[in-house]
Amino acid sequence: MKVLLIKPGFHNVFTKLSLIVTEPLELEYMTAICKKRGVESGICDFTTGHAPLRRILRRFRPDMVAMTANFVHIASVEKYVKIIKKFDSHILTVVGGPHAEVMPEDFQLQGIDIIIHSGGFRPFETLISSPEADYRDIRGICYYRKGTWHRNHREEFRIADLPFPDREHFCRNLKKYKYVTMKPCAILKASYSCPHRCNYCFSTLLNGGRYLCREPENVVEEIRTIPCDDIWIVDDTFYVDLNKLDRFIELVKKENLKKNYSLYFRADFIAAHPEHMRRLSEIGVSMCAVGLEVIDDEVLEKYEKGSSVDIILSALGVLKECHITCIGLFMIDIDAEKSYFKKLYEFIRKHELYLSTISIFTPMPGTLQYEKYRDRIVTQDYRKWDFVHLTINPSKMSRGAFYFEFYRLYVKLAVLIVGKKALPFRYLGAAVRASLEYWAEALRGMRGKTER
């Protein structure tokens with residue numbers, strides 16, 4: 001059997017700025033599983049540019065094409081499947097990933113044969129190990145047969161069974177993968193799902209809401225194998241178990257691993273554990289992304305964030321004392337007033353959060369916020385569910401005014417960031433071009449009554 005592994009491409013204002021390009025970690029796990037099973041595989045990463053899919057199919061001649069996808073990738077997956085089935089209708093098409101896990105029905109597209117809805121990589125391993133197996137016996141999948149979709153029982157995800165990802169593809173393409181100022185940059189995942197229950201967050205739904213962590217010894221062993229100095233740990237929040245966090249810190253110190261890390265933590269954790277943040281700084285943590293979301297206590301309470309403006313300020317103080325750069329992750333609430341955009345800009349400037357990102361509140365399907373805002377949703381085009389488009393109409397501003405303030409804020413931040421030399425001057429030009437492009441797209445979209 002030959003398996004082609006695809007990471008779909010997608011472009012928006014963030015990708016056009018080219019600040020973050022991540023290695024295809026999911027496909028590298030699948031490559032490792034293929035090698036263990038003696039199956040030939042190849043990676044096609046459309047996020048970094050690639051030969052046309054038809055040419056790859058002619059050259060590789062796969063028996064299976066497996067894709068990992070998220071909300072914004074549905075249109076790309078549909079396009080790829082049409083090309084694949086036209087090339088050879090006997091090729092088995094498989095799709096998995098976070099969206100397929102929570103909303104598998106969205107991938108019940110013509111040409112898709114199997115959707116993996118649970119179990120991590122275990123169903124994939126079964127499919128490549130026993131290609132003649134009866135699909136009815138494979139837990140964790142949906143499959144199409146005789147004009148009907150069938151959904152099997154859930155499969156358990158055993159995080160301890162994960163192999164180390166095969167980074168051969170990453171090593172061949174080191175210069176392509178980066179995270180803001182870290183390049184080349186590898187990514188590492190030490191946990192799955194999230195222990196918190198913010199009512200707008202999709203990650204809390206993964207694995208049926210069950211949070212799983214790898215053991216620190218296993219994580220450090222993988223770090224030793226990573227062939228670059230910069231590592232982005234992409235857990236939704238890093239270890240919240242202080243015993244595990246202590247073991248991780250001590251193991252990194254003991255192994256004398258000279259790496260530069262970026263990771264995620266919540267503001268309340270940082271504020272409550274300044275000593276742990278100091279120790280993380282000592283072992284190489286130089287950047288920390290923090291979901292600050294909004295600087296408004298009322299809105300934070302609405303999101304059930306378990307945070308406050310006072311906690312945010314305390315966390316920022318801890319990170320500054322530890323010399324850890326804070327990457328603030330902010331979100332413009334759909335009910336924000338015009339004055340909030342200026343308030344947020346002044347907050348970012350005052351606290352020198354020069355590498356912050358700003359998104360538009362998007363009620364992700366499956367979350368409590370989706371149910372709350374269901375009647376206000378104006379588009380079912382998942383390409384617009386990328387956190388830089390309005391999926392529901394704002395209540396205190398027109399769509400046009402909201403978009404104008406949002407993209408103007410991006411340009412103002414770009415000027416600030418370049419002026420402080422946090423990023424090179426070319427970032428400003430890219431930010432201006434991207435903002436104008438998306439503003440023009442927004443104007444075109446507003447000529448109709450709806451974006452459906």
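**Loops, charges and cover**

Reply: Val180 has a relative accessible area of 12%, so it is buried, where buried means under 20% relative accessible area, exposed means over 50% and partly exposed is anything in between (1.4 Å probe, protein chains only). Before going further, please note that this is a predicted model, in which local features need pLDDT of at least 70 and side-chain atom pairs count only at pLDDT 80 or more, while totals for chains, interfaces and linings use all residues. Residues are numbered from 1 along each chain as its sequence is written, and side-chain values use heavy atoms, with hydrogens and water left out.

Me: OK, and where does Val180 lie?

Reply: Val180 lies in the loop between E9 and E10, the names being those of DSSP runs numbered from the N terminus, with helices (H or I) of at least four residues and strands (E) of at least two. Although Val180 is not a glycine, its phi is positive, at about 55°.

Me: What about the peptide bond from Lys183 to Pro184, cis or trans?

Reply: That bond from Lys183 to Pro184 is cis, with omega near -10°. Pro184 is found in the loop between strand E9 (178–179) and strand E10 (185–188), and Val180 lies in the loop between E9 and E10 as well.

Me: Changing topic: how many salt bridges does a search of the whole structure find?

Reply: The search finds 32 of them, a salt bridge being a side-chain nitrogen of Lys or Arg within 4 Å of a carboxyl oxygen of Asp or Glu. Side chains of opposite charge can pair when their charged atoms come close.

Me: Which residue does Glu250 meet in a salt bridge?

Reply: Glu250 meets Arg279, with 3.1 Å from N to O. Since Glu250 lies in helix H9 and Arg279 in helix H11 (residues 274–282), the pair ties together parts that are 29 residues apart in sequence. Glu250 counts as partly exposed, at 40% relative accessibility, whereas Arg279 counts as buried, at 16%.

Me: Where do Lys305 and Glu293 lie?

Reply: The side chains of Lys305 and Glu293 also meet in a salt bridge, at 3.3 Å from N to O. Lys305 lies in the loop between H12 and helix H13 (309–321) and Glu293 in strand E15 (residues 285–293), so this pair ties together parts that are 12 residues apart in sequence. Both Lys305 and Glu293 are buried.

Me: And which residues are linked in a network of salt bridges?

Reply: Such a network links Glu23, Arg167, Arg214 and Glu222.

Me: What about charge on the surface, which residues gather in a patch of positive charge?

Reply: Arg54, Arg55, Arg58, Arg59, Arg61 and Lys86 gather there. Patches are made of residues with over 30% relative accessible area and no salt bridge, with like charges joined within 9 Å and nonpolar side chains (Val, Leu, Ile, Met, Phe, Trp, Tyr) within 5 Å. Lys and Arg count as positive and Asp and Glu as negative, while His and the chain ends are not counted, and a charge is placed at NZ of Lys, CZ of Arg, CG of Asp or CD of Glu. The areas come from the Shrake-Rupley method with a 1.4 Å probe, and for residues only the protein chains shown count as cover. Helix H3 (residues 53–60) gives the most to the positive patch, with four residues, while Arg61 is found in the loop between H3 and strand E4 (64–68) and is exposed, with a relative accessible area of 51%.

Me: And which residues form the negative surface patch?

Reply: Asp297, Glu298, Glu301 and Asp310 form that patch, and its largest share, three residues, comes from helix H12 (residues 297–302). Asp297 is found in helix H12 and counts as partly exposed, at 43% relative accessibility.

Me: One more: is Thr237 buried or exposed?

Reply: Thr237 is buried, at a relative accessible area of 3%, and it lies in the loop between strand E13 (230–233) and helix H9 (242–255). Leaving aside its neighbours within four places in sequence, Thr237 is in contact (heavy atoms within 4.5 Å) with residues including Ser191, Tyr211 and Arg266. Arg266 in turn forms a salt bridge with Asp268, the closest N and O atoms being 3.0 Å apart.
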